[in-house]
Amino acid sequence: MRWFNTENHWGAISITIHWLSALIMIWQFGLGLWMVELSYYDAWYHKAPDLHKSIGLLFLVLTLIRLVWRRNNRIPKALISHTPREQKIATTIHYLLYMFLFTVMFSGYLISTADGRAVAIFNWVQVPATLYGVDKQEDIAGVAHLWLAVCLIILAVLHVLAAIKHHFFNQDRTLKRMLGL
Amino acid sequence: MKNYFTIATLLIMFIFAVPLHAAEYDIDTAGAHAAVQFKIKHLGYSWLTGRFNKFDGHFSYDEKKPDASKIEVNIDTASIDSNHAERDKHLRSKDFLDVSKFPAAKFVSTSFKEKGKNKALLKGKLTLHGVTKNIVIELEHVGHGPDPWGGYRRGFAGSTLLTLKDFDITTDLGPASRQVEMFLAIEGIRRK
């Protein structure tokens with residue numbers, strides 16, 4: 001397998017980032033829902049949110065790298081079996097996925113930095129606050145973070161359903177191609 | 001001439017009589033010479049302090065009949081501020097104050113008794129988190145008098161201990177953190 005994408009194949013880097021992003025997204029969604037229910041005396045009460053924030057910020061870095069990589073690589077051509085309508089829907093969903101990924105990450109950052117405090121990546125890098133001090137910022141950003149994440153998951157489910165449809169019903173190479181097969 | 005004298009006397013009497021009547025005071029929240037603060041033990045090892053930034057209220061106080069004093073204070077529960085946005089978000093949530101459902105807390109006095117040495121006992125009904133309970137606030141009558149800008153001010157400070165469970169706030173913060181101490185410092189400006 002090549003590192004770069006080709007006219008008909010996804011390269012190793014694109015494939016790795018794609019599946020890694022999928023795993024991180026599901027992990028973050030689960031961790032996020034779980035951590036807010038922890039009791040005060042739970043050993044994970046502080047560890048879980050710290051982990052969620054650290055991974056979230058690294059995920060942002062990964063997604064930025066992904067966009068740079070995408071811009072500097074050719075996008076494999078759509079399969080012949082994909083109808084123009086399917087292509088259009090797929091592209092729209094892809095753009096929405098990116099959009100929601102960024103808004104979810106940004107709203108999360110706005111919760112943690114609402115009072116001007118920095119947010120840490122594993123006690124390693126302190127990411128400073130930029131937009132803070134807006135009245136009830138942490139509450140507004142909190143509601144946005146949850147519901148944008150729910151929308152992101154719904155979009156991802158549609159994306160998965162489409163892949164399943166192509167694999168089992170159309171029996172084309174859409175999913176195989178993203179697996180590097 | 002006699003009439004003018006009478007009118008002047010009445011006017012002077014009226015002017016001097018005003019301070020002797022039961023006076024209404026508005027709590028000086030605009031100038032922030034008032035505070036609603038709280039402190040609660042953290043794990044039993046230290047104090048966590050915070051305050052409510054938005055509230056208003058008024059009281060009446062008559063030096064001749066101090067026991068007829070009345071006070072009412074309204075607090076915007078969403079204005080809770082513990083100097084940590086993430087904690088404030090949690091305190092506003094369903095786990096604690098549930099401010100979207102209970103946006104206001106209210107204290108209305110039912111009795112006021114002076115005990116000498118500028119001390120007083122204030123009883124009243126506190127509505128918090130949708131629950132109304134009788135509470136007792138130990139007050140200090142801090143002082144009163146004219147201010148340098150033509151007004152007249154009177155101030156009190158008091159504290160009371162609230163048990164969170166009494167107000168249906170059941171999130172467990174540990175055995176040392178079941179009660180919260182409220183501290184109130186109010187300065188009223190007499191209505192003109």
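The following legends describe close-up views of a predicted model. Residues are numbered from 1 along each chain as its sequence is written, and chains are lettered from A in the order in which they are written. Local features need pLDDT of at least 70 and side-chain atom pairs count only at pLDDT 80 or more, whereas totals for chains, interfaces and linings use all residues; side-chain values use heavy atoms, with hydrogens and water left out.

**View 1. The interface of chain B and chain A.** Contact (heavy atoms within 4.5 Å) links 16 residues of chain B with 14 residues of chain A. The buried area, that is, the accessible area (1.4 Å probe) that two parts lose on being put together, summed over both, is about 1200 Å², and carbon and sulfur atoms give 49% of it. On the side of chain B, Ala85(B), Glu86(B) and Lys89(B) lose the most area to chain A, together 39% of what that side buries.

View 2. Three salt bridges (a side-chain nitrogen of Lys or Arg within 4 Å of a carboxyl oxygen of Asp or Glu) are found between chain B and chain A. One salt bridge joins the side chains of Lys53(A) and Glu86(B), at 3.1 Å from N to O. Helix H2 of chain B (residues 85–92) supplies six residues, the largest share of the side of chain B that touches chain A; helices are DSSP runs of H or I with at least four residues, and strands are runs of E with at least two, numbered from the N terminus.

View 3. Ser107(A) lies in helix H3 (residues 84–112) of chain A. Its relative accessible area is 6%, so Ser107(A) is buried (under 20% relative accessible area, 1.4 Å probe, protein chains only). A polar atom of the Ser107(A) side chain lies 2.9 Å from the backbone oxygen of Val104(A). Beyond residues up to four places away in sequence, Ser107(A) touches Ala141(A), Ala144(A), His145(A) and Leu148(A).

**View 4. The largest nonpolar core.** This core (buried Ala, Val, Leu, Ile, Met, Phe, Trp, Tyr and Cys residues joined through side-chain atoms within 4.5 Å) has 42 residues, of which Phe52(B), Phe59(B) and Leu162(B) touch the most other members. Neighbours within four places in sequence aside, the contacts of Leu162(B) include Leu126(B), Ile135(B), Phe167(B) and Met182(B). Another core, of 16 residues, lies apart from it and includes Ile55(A) and Phe100(A).

**View 5. Chain B.** Chain B contains two helices and 11 strands. Of its 192 residues, 38% are buried.

Note on methods
Buried < 20%, exposed > 50% of the residue type's maximum accessible area, 1.4 Å probe, protein only. Polar contact = N/O pair within 3.5 Å; in protein donor to acceptor, adjacent residues only side chain to side chain.
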